[in-house]
Amino acid sequence: MLRRVIEHFTKSKNPNSRRYKWDMARRICGHHVKYVSERINNVDEVIGKSGSLNIKDDELLVYASFNVVMRCKIEEMQAAFLMSRDGVVITAPDLEHGGRVRTVIAHYVYYRAE
């Protein structure tokens with residue numbers, strides 16, 4: 001409990017800092033993904049369905065359709081929640097596709113608390 005309070009008041013607010021990127025990766029890690037889309041020429045195309053977001057060593061992995069859709073170094077990524085908070089936009093050099101900078105949007109599975 002005390003650790004959470006300390007982390008809350010000492011968290012980084014600079015989206016370019018190493019600590020902010022790691023905090024963001026930890027927050028999105030473990031979410032189940034309904035579908036993943038990629039923004040190409042300002043058009044969103046679905047590139048995978050049913051997956052998850054995971055951290056392995058120093059990389060963030062986006063799984064969908066039984067494949068790694070995107071794999072990037074956490075310290076090189078830019079990530080932001082959607083305004084609705086039901087997904088995240090990730091922009092980074094994709095190690096899975098030759099280091100090309102990509103923007104993917106992972107939409108979370110909606111769970112209704114009953």
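Reader: How many bridges join strand E3 to E4, and do they run parallel or antiparallel?
Author: In this predicted model, strand E3, residues 59–64, is joined to E4 by 6 bridges, and the two run antiparallel.

Reader: Which residue in E4 does Glu59 stand opposite?
Author: Glu59 stands opposite Lys73.

Reader: And the whole sheet, what is the strand order?
Author: The order is E4-E3-E2-E1-E7-E6-E5, an open sheet of 7 strands with antiparallel pairing.

Reader: Which strands are at the edges?
Author: Strand E4 (67–73) and strand E5 (78–81) are the edge strands, and each pairs on one side only.

Reader: What does the twist average?
Author: From one strand to the next, the twist averages 30°.

Reader: Which strands does helix H2 touch?
Author: Helix H2, residues 18–28, packs on the sheet and touches strand E2 (43–56), E3, E5, strand E6 (87–94) and strand E7 (100–108).

Reader: What angle does H2 make with E5?
Author: The direction of H2 makes about 50° with that of E5.

Reader: Switching to Gly48. Where is its place?
Author: Gly48 lies in strand E2.

Reader: Buried or exposed?
Author: Gly48 counts as buried because its relative accessible area is 3%, and the cut-off for buried is under 20%.

Reader: What is Gly48 in contact with, leaving aside neighbours within four places in sequence?
Author: Gly48 is in contact with Tyr35, Val36, Ala64 and Ser65.

Reader: What separates the C-alpha atoms of Gly48 and Gly87?
Author: Those C-alpha atoms are separated by 14 Å, and Gly48 and Gly87 are 39 residues apart along the chain.

Reader: Tyr35 came up among those contacts. Which strand is Tyr35 in?
Author: Tyr35 sits in strand E1, residues 32–40. With 29% relative accessibility, Tyr35 is partly exposed.

Reader: What does Tyr35 touch, not counting residues up to four places away in sequence?
Author: Tyr35 touches Val46, Gly48, Lys49, Ile105, Ala106 and His107.

Reader: Last topic, the surface. Which residues make the nonpolar patch?
Author: Met1, Leu2 and Val5 make a nonpolar surface patch of about 370 Å².

Reader: Where is Met1, and is Met1 buried or exposed?
Author: Met1 is in the segment before helix H1 (2–10). Met1 counts as exposed because its relative accessibility is 81%, and exposed means over 50%.

Technical notes:
Residues are numbered from 1 along each chain as its sequence is written. This is a predicted model: local features need pLDDT of at least 70, side-chain atom pairs count only at pLDDT 80 or more; totals for chains, interfaces and linings use all residues. Side-chain values use heavy atoms; hydrogens and water are left out. Two strands pair if DSSP finds at least two bridges between them. Helices (H or I, at least four residues) and strands (E, at least two) are DSSP runs, numbered from the N terminus. Axes are lines fitted to C-alpha atoms, for helices over the stretch in contact, and angles run from 0 to 180 degrees between N-to-C directions. Contact means heavy atoms within 4.5 Å. Buried means under 20% relative accessible area, exposed over 50%, partly exposed in between (1.4 Å probe, protein chains only). Patches are made of residues with over 30% relative accessible area and no salt bridge: like charges are joined within 9 Å, nonpolar side chains (Val, Leu, Ile, Met, Phe, Trp, Tyr) within 5 Å. Accessible areas come from the Shrake-Rupley method with a 1.4 Å probe; for residues, only the protein chains shown count as cover. A salt bridge is a side-chain nitrogen of Lys or Arg within 4 Å of a carboxyl oxygen of Asp or Glu.
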